Every structure is written in C-alpha cells, then in structure tokens.
Amino acid sequence: MKTLIIVAHPHLHTSRVNRAWTEIMKTHPDTTVHTLYDAYPDHQLDIAYEQALLDSHDRIIFQYPLYWYSTPPLLKQWFDEVLAFGWAFGPDGNHMQGKEIGIAISTAGSSAAYQPGGSNLFTIRTIAAPMEALTHYVGAHYLPPFVLHNVHHITDEQITDSQLAYVQHLNTVRHVHTPDSITVNP
Ligand SMILES: Cc1cc2nc3c(=O)[nH]c(=O)nc-3n(C[C@H](O)[C@H](O)[C@H](O)COP(=O)(O)O)c2cc1C
C-alpha cells in the first residue's frame with residue numbers, strides 16, 4: 001500500500017509537532033510526504049499534479065494543526081479545487097473510489113476538552129465530520145483520526161513518543177472496526 005501524507009501547516013518550520021511528524025514520515029517506507037505550504041507559497045495549486053499524486057497512492061493522510069475546529073485554509077482550497085466534479089465525484093468522477101483517507105491532527109485543547117460537555121463541546125471525530133463526509137462522498141474509506149492533544153504542554157520526549165505512535169498507527173490502522181479516534185496524549 002502506498003501512502004501519501006498531505007501536510008498543511010502554514011508555519012511548518014517553526015512547528016514542533018507537525019514538523020516532527022513530517023520528518024519521521026519522510027523515513028517511512030512506501031510513503032510520500034507532500035508539504036502543501038512549501039509547494040505552493042503563492043497558493044496557486046497545480047491541480048493536475050495533485051490529482052496525479054492521488055492516482056499513484058492508495059491511502060491519503062491529511063496532516064494538520066487544528067485551526068478553529070477546521071483545517072488551515074490552503075487545505076480547504078485543496079479540497080475545493082482538487083476533488084473536482086468529473087474527477088472525484090459526478091460523471092466518471094471515480095478516482096478516489098476504494099482509497100483510504102485519514103487525518104492526523106494536533107490540537108492545543110486537551111482530550112478532556114474534546115468530549116461532549118467539555119469546553120470544546122464535541123469529540124474530534126464529530127468536529128472532523130466534514131473529512132469523514134467527503135471521504136464517503138468520493139467513495140473512499142475513512143480511517144479513525146490520529147490525534148495529539150495538549151500540544152502546548154508537552155515535552156520533547158512526548159513528541160518523540162507521538163512520532164512512534166504515528167508510525168504504529170499507519171502500520172496497523174484499518175478502515176474496518178474503526179474506533180472513535182486514536183488519541184495519544186491527554
Ligand atoms: C489560527 C489558529 C487557530 C487554532 N485553533 C485551534 C482550535 O480550534 N482548537 C485547538 O485545540 N487548537 C487550536 N489552535 C492551536 C493549534 O492547533 C496548535 O498550535 C498546533 O496544533 C500546534 O502544532 P505545531 O507544533 O505543529 O505547530 C489554533 C492555532 C492557531 C494559530
């Protein structure tokens with residue numbers, strides 16, 4: 001299985017978590033790491049290139065820091081432009097069918113905050129529902145989200161642990177029997 005990690009972080013070079021995750025994934029076998037903000041500093045996406053990348057991979061992981069309960073804006077633009085009518089859905093729009101799609105995200109909020117009744121009101125699975133819905137819409141299979149919480153209060157050692165957990169996640173995750181999410185850090 002070939003995995004494509006699409007990293008969307010506007011400040012990857014000063015990031016702790018997403019930069020560490022990107023570095024470890026560059027060493028992972030059968031894995032391509034594509035850092036969107038580096039590839040497109042002008043935000044002009046090369047749609048044909050992005051679609052060819054998708055065609056040549058079986059599993060797509062969108063990796064990003066949670067921004068206002070959503071994705072950084074370049075990833076939203078990527079969805080709008082790359083998952084096009086007639087390509088990802090609609091007549092002959094079958095290029096995503098049968099692929100696996102997952103997310104790997106970091107949050108400032110703690111896992112307790114991402115529970116019903118917590119300060120963020122909802123679970124990550126619920127907050128990331130648009131990712132799950134678009135996966136279903138294009139005929140792909142959704143993987144349980146991989147989540148690192150409380151990222152402003154973690155040690156370098158915990159970040160290293162999260163790198164290993166991320167690798168383990170990719171090595172073992174399946175789209176059948178999905179739990180709510182894989183949570184690394186309280
Ligand atoms: C514009 C902005 C919006 C954010 N929104 C959220 C949010 O909705 N929920 C949350 O838990 N953290 C939020 N954060 C915190 C980021 O998720 C956190 O800084 C990031 O995961 C750290 O990852 P990094 O070390 O890779 O930069 C936000 C940060 C920024 C800059």
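Mentor: Start with helix 1 and helix 7. They are oblique to each other, because their axes cross at roughly 50 degrees. Angles under 35 degrees count as roughly parallel, over 145 as roughly antiparallel, 65 to 115 as roughly perpendicular, and the rest as oblique. The axes come within 9 Å. Axes here are lines fitted to C-alpha atoms, for helices over the stretch in contact, with angles from 0 to 180 degrees between N-to-C directions. Helix 1 covers residues 17–26 and helix 7 covers residues 156–172. Helices (H or I, at least four residues) and strands (E, at least two) are DSSP runs, numbered from the N terminus.

The model is predicted: local features need pLDDT of at least 70, and side-chain atom pairs count only at pLDDT 80 or more, while totals for chains, interfaces and linings use all residues. Residues are numbered from 1 along each chain as its sequence is written, and side-chain values use heavy atoms, with hydrogens and water left out.

Now the handedness. Helix 1 passes helix 7 in a right-handed crossing. On the helix 1 side, V17, A20, W21, I24 and M25 make the contact. On the helix 7 side, the partners are I159, S162, Q163, Y166, V167 and L170. Contact means heavy atoms within 4.5 Å. By class, these residues split into 9 nonpolar, 2 polar and no charged. Ala, Val, Leu, Ile, Met, Phe, Trp, Tyr, Cys and Pro count as nonpolar, Asp, Glu, Lys and Arg as charged, and the others, Gly among them, as polar.

Next, burial. In helix 1, V17, N18, A20, W21, T22 and M25 are buried. The cut-offs are under 20% relative accessible area for buried, over 50% for exposed, and partly exposed in between (1.4 Å probe, protein chains only). What do the buried residues of helix 1 pack against? They pack against helix 7, and also against strand 1, strand 2 (31–35), strand 3, strand 4 and strand 6 (146–148).

Helix 7 also holds D161. D161 is partly exposed, at 42% relative accessible area. V184 is 23 residues away from D161 in sequence, and their C-alpha atoms are 8.7 Å apart in space.

Compare another pair. The axes of helix 3 and helix 4 come within 10 Å and cross at roughly 85 degrees. Helix 3 and helix 4 are therefore roughly perpendicular to each other.

W78 leads on to the core. The largest nonpolar core has 35 residues, and F62 and W78 touch the most other members. Such a core is a set of buried Ala, Val, Leu, Ile, Met, Phe, Trp, Tyr and Cys residues joined through side-chain atoms within 4.5 Å. Elements that each supply at least two residues include strand 1 (3–7), helix 3 (47–55), strand 3 (59–65), helix 4 (73–82) and strand 4 (100–106). Helix 4 gives the most, with 5 residues. Apart from this core lies another, of 18 residues, among them L12, L143, F146 and L148. Beyond its neighbours within four places in sequence, W78 is in contact with I6, L36, L45, E50, L54, F62 and L83.

Last, the loops. H43 sits in the loop between helix 2 and helix 3. H43 is partly exposed, at 31% relative accessible area. Leaving out residues up to four places away in sequence, H43 touches Y37, L74 and Q77. H43 and Q77 are 34 residues apart along the chain, with C-alpha atoms separated by 8.6 Å.

A88 lies in the loop between helix 4 and strand 4. A88 is buried, with a relative accessible area of 1%. Its contacts, leaving aside neighbours within four places in sequence, are L83, G93, M96 and V138. The C-alpha atoms of A88 and V138 are separated by 5.8 Å, across 50 residues of chain.

Two backbone angles are worth a check. W68, in the loop between strand 3 and helix 4, has a positive phi near 45 degrees and is not a glycine. W68 is exposed, with a relative accessible area of 79%. L121, in the loop between strand 4 and helix 5, has a positive phi of about 70 degrees, though it is not a glycine.

Definitions and conventions
A crossing is left-handed if the near helix is turned anticlockwise from the far one by less than a right angle, and right-handed if clockwise.
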